[in-house]
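Visitor: I am new to this structure and would be grateful for a close look at a single part of it. Please describe the site of the ligand and its setting.

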Amino acid sequence: MALAATAQATDTAAWTRKDLLGLRELTAEEIRLILHTAESFRGISLRPIKKVPALRGQTVVNLFFEPSTRTRTSFELAAKRLSADIVNLAVQSSSLSKGETVLDTVRNLEALKVDILVVRHAAAGVPHLIAARSRAAVINAGDGAHEHPTQALLDLFTIQEKQGRMEGLRVAIVGDIAHSRVARSNIWGLTKLGAQVTVCGPPTLMPARVEELGVRVTYDLNEAVRDADVLMLLRIQHERQESRLVPGLREYRLRYGVTRERLRAAKPELLIMHPGPVNRGVELDSEVADGPHSVILDQVTNGLAVRMAVLYLVAGGGKAEDADA
Ligand code: CP
């Protein structure tokens, strides 16, 4: 495959941003461009030699201040499959532990001529702060409870792939909406592409005035299940709660856990999605997580193509002379 063909098919000239910080600021066309670019990268991971030279000579740094399995690994693999050099900065054993600031760390990485920083941080806005002060492109890999744009993009990609459309699709996001960056990015992305979004969860885990984001609210999981084409489950983010906001996990499962019995009222083509990590037996029973409606591992697979697309676009993909693979 020639990536030049990708550039023609997707008109990458439409990507003008240095960074990818959130879906709130993207237009529907920019979101579609990323999804379309990801589509053309998907096949690379199915080849015997899973590598193209599109980002040869570029250096990517994974700068994760919070734990991650899927996001960090798939950004690393995405960079490697595009032939970029990638460094995983071990934050715990870096000089951050000696009191060096995040911005000084970034200045030092820039002195080493890195091109792209992939940043995850517990505080909302840190990737934005770095992006404003750095020449390198910055990709937000999750900032506090604010945004997780590449997760929402891979979710959109998976929904489009499995349901064949987005316009008018009914998507219910269930769980700890208040503390979820995945929910926020998905609400921006889904509504921009024409889906109808319902959020469902305990009142204590529902953000104030969430309706202003263009979503419907229900506290009744059975109602959400009955109407949905897509059910996106979220875990309770205990690490972002200052006090206990649900009585207990058993009570939570009784009211908001998705069980096989609850799915009896669901549409046959319902998709069960979860960004991971799954707390089995809390928001989702194992027989549902591993059942016929589940596309949870497809989300992970698609995350690789989506992150390849994002790296490619922020690196100026389509304009590079060596885009031919
Ligand atoms: N979905 C997600 O962000 O997973 P990780 O925390 O494992 O990266």
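Guide: The following account begins with the ligand and then turns to the domains. The model is predicted, so local features need pLDDT of at least 70 and side-chain atom pairs pLDDT 80 or more, whereas totals for chains, interfaces and linings use all residues. Residues are numbered from 1 along each chain as its sequence is written, and side-chain values use heavy atoms, with hydrogens and water left out.

Around the ligand stand Ser68, Thr69, Arg70, Thr71, Arg120, His148, Gln151, Pro275 and Gly276, each with a heavy atom within 4 Å of the ligand. This shell comprises 1 nonpolar, 6 polar and 2 charged residues; Gly counts as polar and Pro as nonpolar, while Asp, Glu, Lys and Arg count as charged.

For Thr69, a polar backbone atom is 2.7 Å from an oxygen of the ligand. Of the 250 Å² of accessible area that the ligand has on its own, the protein covers 91%, by the Shrake-Rupley method with a 1.4 Å probe.

Domain 1 (11-146 + 301-316) and domain 2 (149-296) each supply at least three residues to the shell; these bounds come from an automatic or database domain assignment. The domain centres, taken over C-alpha atoms, are 26 Å apart. Their contact (heavy atoms within 4.5 Å) takes 33 residues from domain 1 and 24 residues from domain 2.

Methods. Polar contact = N/O pair within 3.5 Å; in protein donor to acceptor, adjacent residues only side chain to side chain.
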